[in-house]
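The sequence and the structure are shown first.

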Amino acid sequence: MAGRRILITGIADQWATELARRLERDPQVEFIAGLDSEPPAADLDRTEFIEADLRSPLLSRLIPATEPDTVVHCGIVWYPTAGKPARALHDINVIGSLQLLAACEKAPTLEQVIVRGSAAIYGCEGASPSFFTEDMARKLPLRTRFQRDIGELENYFETFSRRRADVTCTMLRFQPEIAAGLATPLVRYLSLPAVPTILGFDPRLQLVHAEDATGALLAATMNPVRGPVNVAPSGTISMSRLLRLAGRPQVPIPGQLFGPALSRFGRRGLGAGEVYNDALRLLRFGRGVDNTRLREELGYEPRYDAVAAAKDFAEKSKGRSIVPLPGLGALAGRAI
Amino acid sequence: MSTSQDTAGAEAIAGFLRGLGTGIGSGLDPGTAAERAASGLPRGLRDSVERAARRMRGDYHEDEWGFDEEFAEAVFPFFEFLYERWWRIEADGLVNVPSHGRALIVSNHAGSLFPFDGTMITGAIMKEHPLPRWPKIMVLNWAFVLPFLSFFMRRVGGLPASPHNAARALEQDHLVMVFPEGVKGTGKPFSERYRLQRFGRGGFVEVALRAQAPIVPVAVVGSEEIYPLIGNSSALARLSGAPFAPITPTFPWLGPLGLIPLPSKWRIEFCPPIDLSEYPPEAAEDRRLVFDLSEQVRETIQEKLYENLVKRGSAFI
């Protein structure tokens, strides 16, 4: 497909910006438009910035006017931030997606829609399959607000893909990302000098390396497949091992106190609004998904497995080393 | 041990602490400092310090299920004690456990509070099989929402009981252990001991057929007497969210002491594998076949249970 015209929503999002940057280098891509309510933080050369809110009714005229063959929807907000409190998340994620799809219906040039969705749809359960495959969504109750929002917007996309059978709809279900210095609450949490964890629990985690997160998004844009695809590294790593690799001491806190304790951090240190249930459930139970479809059908082989991603994070974030323990040396000396 | 040896040992430890102190004082992290200081220690101690330091750095292996072989080996002596001294287990028919490739181990289930039968079958394979390997144990889901138990079970090879997990582990050519009776087996009253309950819907047979894995029936005798269930408090169960709340002669009356299992005498017999390779994977859809095979496994285990009860004789001596 030469001369591709790609529209990216939520261009201010770091993953969308990175995708645009890579697409700019591709001579096959004729035109890139980035849509968001605020401009991207980084400079983009030939991406045309369209200032519009996803929730705005203008969208249904804007989108067909750019004549896109591909829409990449990166406008889903995963966690509350300073400007986007938890209340606004539902509006942005669900109503925004609905508006976007309404606009897409009126774009006759459209051939594919790619959504940067979330593996949160599977939930985090103590007793569940250790690796969710794509067909296991909604088998377990959707417990949190964010899960229900993701469930709802996935429904809209399914309906859309049935109505516009000529359009290939790819729903990417991302596990949370990891990389040193990444601006996400989870990475800031893992970078705390001492990391509070839930007493008696050691979740199995599967964190996507930032490079693979972009790689998978790019691969999906270039080689779309129908339906949901899990984006995750192979293997898993336990929280305790990840923290040991990163040289960060664990501070186990009883379950009931963990939420409030993290919320205090959440508002100040983590740059998130209040920590909400999704994060708490992930840090208690963890989640693993199967990435066979990503590797075999989408044709993207993650460069980092779960352990390598954690090791890379550990190595590159070691600079900010653990708090020195001056008392310990003296104590060992005095014991003799 | 003589006094001179004691002094030498104490000096070595003092030297270690001094080295640790200087190491940390000079800016090393505690793990590295401990490793360097350990050079003067006796060999066994030095190995433990080195291993602890290595684990502190996260330098160890976990498989994708969260199984941690080093951890399992470290807690194994406790289960070995239960195996050899507490329950004096005699295991038979270990040749029936394939030494490589996938196989589904199917066993009767008893002993309410903790899957001791699963850990003891693991013990038999690890201690007495010529080519031991750690099986994956399908554990009642409830264990995985409990603090501590959740990650303990996982690190020694437990998985949340789900056909998806069993199928995936079999595809990876693991030994997979299932207890088709589930809670119905563990929560049955003492008067019904060694009477096999319904084998669910035969889901384990479907999984084995799809994965083309042989089924190895196992009969465990002795596990019914460790916590003789004389009652089941549904009120307590609702309160704690447990699938059932056992009342035994010692629990909950003696508090935590009541959790000590009684020292019954055990026998474990592994039966000849049931080969399913003659059926195509689609045979898993055939309800009739699934029920027949499930019943065949159930009868085999039931027969072996009675046989071994006779062989064992008295339950405790």
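## Helix packing in chain A

Helix H1 (residues 14-24) and helix H6 (residues 210-222) of chain A have axes that come within 10 Å and cross at roughly 60°. Angles under 35 degrees count as roughly parallel and those from 65 to 115 as roughly perpendicular; H1(A) and H6(A) are therefore oblique to each other. Their crossing is right-handed. As with every feature reported here, these values come from a predicted model.

On the H1(A) side, the residues that meet the partner helix are Trp15(A), Glu18(A), Leu19(A) and Arg22(A); on the H6(A) side they are Ala213(A), Thr214(A), Leu217(A) and Leu218(A). By residue class, the contact of H1(A) with H6(A) divides into 5 nonpolar, 1 polar and 2 charged residues.

Val167(A) belongs to the loop that links helix H4 (145-163) to strand S6 (168-174) of chain A.

Apart from neighbours within four places in sequence, Val167(A) is in contact with Leu110(A), Glu111(A), Gln112(A), Val113(A) and Ser161(A). The C-alpha atom of Val167(A) is also separated by 9.6 Å from that of Thr109(A), and these two residues are 58 residues apart along the chain.

Chain B contains 11 helices and 9 strands. Its C-alpha trace spans about 70 × 50 × 40 Å along the principal axes. The chain has 317 residues, of which 41% count as buried. Among contacts in chain B with a separation of 6 or more, 71% are between residues 24 or more positions apart.

In chain B, the axes of H7(B) and helix H9 (residues 203-211) come within 10 Å and cross at roughly 30°. This angle falls under the limit of 35 degrees, and H7(B) and H9(B) are therefore roughly parallel to each other. The crossing of H7(B) with H9(B) is right-handed. H7(B) contributes Pro163(B), Ala166(B), Ala167(B), Leu170(B) and Glu171(B) to the contact, while H9(B) contributes Gly203(B), Val207(B), Arg210(B) and Ala211(B). These residues comprise 6 nonpolar, 1 polar and 2 charged.

## Loop residues with positive phi

Most residues other than glycine have a negative phi. Against this background, Glu67(A) has a positive phi, near 50°. Glu67(A) is found in the loop between helix H2 (59-65) and strand S4 (70-73) of chain A, and is partly exposed, with 14 other C-beta atoms within 10 Å.

In chain B, Asp173(B) likewise has a positive phi, near 65°. Its loop runs between helix H7 (163-171) and strand S5 (175-178) of chain B. Asp173(B) is partly exposed, with 15 other C-beta atoms within 10 Å.

## The contact between the chains

How many residues of chain A are in contact with chain B? There are 26 from chain A, in contact with 30 residues of chain B. On the side of chain A that touches chain B, the elements giving two or more residues are strand S12 (237-238), helix H7 (239-245) and helix H12 (326-334) of chain A. H12(A) provides the largest share, 4 residues. The residues on this side of chain A divide into 12 nonpolar, 10 polar and 4 charged.

Conventions. Residues numbered from 1 in each chain as written. Chains lettered and ligands numbered in written order. Predicted model: local features only at pLDDT ≥ 70, side-chain atom pairs only at ≥ 80, totals over all residues. Contact = placed C-beta atoms within 7 Å. Nonpolar A, V, L, I, M, F, W, Y, C, P; charged D, E, K, R; others polar. Buried ≥ 20, exposed ≤ 12 C-beta atoms within 10 Å, placed from the backbone. Axes fitted to C-alpha atoms, helices over the stretch in contact; angles between N-to-C directions. Parallel < 35°, antiparallel > 145°, perpendicular 65-115°, else oblique. Left-handed = near helix turned anticlockwise from the far one by under 90°.
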